[in-house]
Amino acid sequence: MKQIILSVPDKKYEFFIELVKSLEFVKEVKEPGKKEILAGIRQAVEEVKLIKAGKLKGRPVQELLDEL
């Protein structure tokens, strides 16, 4: 099974969630809670520390921008 992460404008969020829930093949609609958000931030901070220490390779900014 695949998972996806989407960014939806605030004014379209409720509509989008109802639409997704109506699809028979969608098993679960899970919104991240405070705990998951904080865990993601902690992981990002740790990755930045590892990159600065030279223990992890970072990505060039242009590569990131090209994906957008």
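Glu 67 is exposed, with a relative accessible area of 57% (buried means under 20%, exposed over 50%, partly exposed in between, with a 1.4 Å probe and protein chains only). This is a predicted model, where local features need pLDDT of at least 70 and side-chain atom pairs count only at pLDDT 80 or more, while totals for chains, interfaces and linings use all residues. Residues are numbered from 1 along each chain as its sequence is written, and side-chain values use heavy atoms, leaving out hydrogens and water.

**Salt bridges**

- The whole structure holds 3 salt bridges (a side-chain nitrogen of Lys or Arg within 4 Å of a carboxyl oxygen of Asp or Glu).
- Glu 67 meets Arg 59 at 2.5 Å, N to O, and Arg 59 also pairs with Glu 63, with the closest N and O atoms 3.3 Å apart.
- Shared partners join Arg 59, Glu 63 and Glu 67 into one network.
- Arg 59 counts as partly exposed because its relative accessibility is 47%, and so does Glu 63, at 39%.
- Glu 46 forms a salt bridge with Lys 49, the closest N and O atoms being 3.8 Å apart.
- Glu 46 is partly exposed, with a relative accessible area of 44%.

**Surface patch**

- Ile 37, Leu 38, Ile 41 and Val 45 make up a nonpolar patch with about 320 Å² of accessible area together (patch residues have over 30% relative accessible area and no salt bridge; like charges are joined within 9 Å, nonpolar side chains of Val, Leu, Ile, Met, Phe, Trp and Tyr within 5 Å; areas come from the Shrake-Rupley method with a 1.4 Å probe, and for residues only the protein chains shown count as cover).
- Leu 38 is partly exposed, at 34% relative accessibility.
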